[in-house]
Amino acid sequence: MPEQKPPTEAPATPSTPDAPSTPTDTTEAASSEAATPEVTAAEIARLAGVGRAAVSNWRRRHADFPRPVGGTDTSPSFALAEVTGWLRAQGKLAEVPLRERVWQYVASHPGGSVAALVKAGSALLLVRDRPMEWLEASAVSDARMATLLAPAVDRVLALRFGPAHPLGATGPLRPTAMPFLRAAAELAAELGTRGAFEFLLGRHLEANPRQYTLTPDGLATLMAALAGPSARTVLDPACGTGSLLRAVPGATARYVQDSSPELASLAALRLALQSDAPVRAAAADSLRADAFARPAAEPVDAVLCHPPFNERNWGHEELAYDPRWEYGLPARAESELAWVQHALAHLREGGTAVLLMPPAAAARRSGRRIRADLLRRGALRAVVALPAGAAPPYGIPLHLWVLRRPAPHAAAPAGLLLVDTTALADGPGPGPGRAGWAAVHGAVEEAWTAYERGGPAPDVPDLPGVRRVVPVVELLDDDVDLTPARHLPPPAAGGGVAELTAVRDRLDSTLTRAARLTPPAPPAAPPDRPAAAPARLPMTTVGELARAGALLLSTGTGAGAGRAPVLTEYDVSAGTGPTGTLAAAAEAPLLTAPGDVVVPLTGGAGVARVVDAATAGAALGRGLQLLRPDPAALDPWFLAGFLRATANNRRASSHASTTTRLDVRRLELPRLPRTEQEVYGARFRALAEFEDALRLAARLGEQLVQGLYDGLSDGTVRPE
């Protein structure tokens, strides 16, 4: 599941449609609580396992299809009970999956999906921590259950979060909500309490992508690793949904704060369902209303934070004399430096803070005095440049700052560790999944471990273009620019002359292979005879083949349990190996097998890739459709070849304002015996090998050309 947090500190009172609300009228609340769950066309398609185009066809062709009960003319919604009844009557649905039933309760909750998630999470926490109380409360009627459940939930929330937790604004528990909570507990029996909540939260975040900013699991894991194994008490003052603290292993106490009450509540429940460690949560602006300020609160071992960027209204005037500004009052345009000092103020002596920062914070002149003081006093220990695509905004290579609260009379380190991992992206161009987390994590952790081992005089061997410990005195100039790339020795051009020679030799052999694989020209018709009309073969569709059992259709999620690499849309289009990272979820991921055919669902590019032994075992990413043919009925190369036809893709595609979406079930291919399929399949396979050779030649050519430009510029290659 992808991890999320808000792009900026939200206002104290949420204005989003999913904000929790407390009905003031009991009768109105009871009736609204019983509102019939509604589903959109996209959700109907998910229930039936078809594309959205099929739902549109049903509405046009079947007069008895349920009428809309809400939504708009362009995006209507339908009563879930009516839809499921119609699908069963048509033989298109045997039973609504439990996960879908519980999600529909959440999506149709009158107080918004966040209010429903908080109620479900609170009940799941009772199931986890006090299972006997849950069994006693759920073994009676709905009315009696509501009476018993309310005080039981209040007790477990107070026990886990303390008396001042932010989870009390979700409205009372009413009898009409009991079927929903029973279903959530039933889902917990299938997925576990943590897995059930993660599934529901993931669906909510997926349904509202513009309200939240993704914090990838790989980034959270790296930040937790930099905090160190001794981090037992941890704080996130801009917690979002709690993704950063969720990555800290072995924490004995977790403190979270967010200006959005709904996010503080979700983060608290998420962390409480993960472990038995106490969780303290607060809903307030951390800079203006610090809930864990000293001396009332104890200092913590570590602070992890992804603060909002470029906030001008962070409280510059009203907080001018705040004692947290030990290193100087941040300028109005330097909100990130306010968060840096906020984090340092909450650390014990020797505690570590890791913050995700925009690259401008390392170089803006308005912040140079604070940066200089952080360096002089030994508070700032490392600046790490991440690849573009590590986190939104995906086009910017963000930085990690690692800080340590100085102990009195301790010697400050003589140098600052600078690490540049921007060249370790898995794919060209920015975007989610482009950061090669395994390589980034290894490079950063190796450098940080060596730096820590060196004490006040760290001796970390320079690695050109990747890392260097820069003396503090070298950085204390007029700019105090801490951008890693500006202080690292450049790498040898293309790996040096020997590497360039190897690239050229490989390019020669690849071009020779591409020339050998070039398809022969199709035979021309005799000049005295007109061209023959194209042969008209009997056709079938992927949907018909799926219904006949000749192939299985599955849609990728990029989520699941385990550590399998993820095959992404970029990987399929570029012909590379799997580069994505698996989002955590309770269910097993969908893994590819040799002979599977994978098709991107968006973009209209006409791409179909046959999974080989090197790609098999990867999890299928979001936006991909997997077709698993029965080997006795279909040749995979025959299937993939016809799926790539331009006319075929045009017929099966629908067009929105900004993208093209493919309905795989509408793609066509000929009805041919297996032996004839193999003839086509062999030709399609030869074309794919030729295409792979051209791709490799293009990449090697770009590498050679850029390496020669760099070598001629820096003197490692002579112009003779």
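Predicted model: local features only at pLDDT ≥ 70, side-chain atom pairs only at ≥ 80, totals over all residues.

Modeller: Glu-452 counts as partly exposed because its relative accessibility is 33%. Buried means under 20% relative accessible area, exposed means over 50%, and partly exposed covers the range in between, with a 1.4 Å probe and protein chains only.

Residues are numbered from 1 along each chain as its sequence is written, and side-chain values use heavy atoms, with hydrogens and water left out.

The side chain of Glu-452 meets that of Arg-404 in a salt bridge, at 3.0 Å from N to O. The two residues belong to distant parts of the chain, 48 residues apart: Arg-404 is in strand β12 (residues 399-404) and Glu-452 is in helix α16 (residues 437-453). A salt bridge here is a side-chain nitrogen of Lys or Arg within 4 Å of a carboxyl oxygen of Asp or Glu. Helices (H or I, at least four residues) and strands (E, at least two) are DSSP runs, numbered from the N terminus.

The search of the whole structure finds 35 salt bridges. One of them joins Arg-332 to Glu-317, with the closest N and O atoms 2.2 Å apart. Both residues lie in the loop between β9 (300-305) and α14 (335-345), so this pair ties together parts that are 15 residues apart in sequence. Arg-332 is partly exposed, with a relative accessible area of 35%, and Glu-317 is also partly exposed, at 48%.

Another salt bridge connects the side chains of Arg-365 and Asp-479, at 2.6 Å from N to O. Arg-365 lies in the loop between β10 (347-357) and α15 (368-376), and Asp-479 in the loop between α17 (472-475) and α18 (497-517), so the pair ties together parts that are 114 residues apart in sequence. Arg-365 is partly exposed at 46% relative accessible area, and Asp-479 is partly exposed at 36%.

The loop between α17 and α18 also holds Val-480. Val-480 has a positive phi of about 45°, although it is not a glycine. At 3% relative accessibility, Val-480 is buried. Asn-310, in the loop between β9 and α14, is likewise a residue other than glycine with a positive phi, near 55°. Asn-310, however, counts as exposed because its relative accessibility is 52%. A further backbone feature is the cis peptide bond between Arg-294 and Pro-295, with omega about 5°. Pro-295 is in the loop between β8 (279-283) and β9. Most residues other than glycine have a negative phi, and most peptide bonds are trans.

The strands complete the picture. Strand β13 (residues 415-420) and β14 run antiparallel and are joined by five bridges; two strands pair if DSSP finds at least two bridges between them. Leu-418 has Arg-468 in β14 as its bridge partner. Strand β14 (residues 467-471) is mostly covered, with four of its five residues buried.

There is also an open sheet of four strands, in the order β16-β23-β20-β21, with antiparallel pairing. Its edge strands, β16 (551-555) and β21 (609-610), each pair on one side only. Five bridges join β16 to the antiparallel strand β23 (residues 624-629), and Leu-551 stands opposite Pro-629 in β23.

Finally, helix α19 (residues 542-547) contains Arg-547, which is exposed at 65% relative accessibility.
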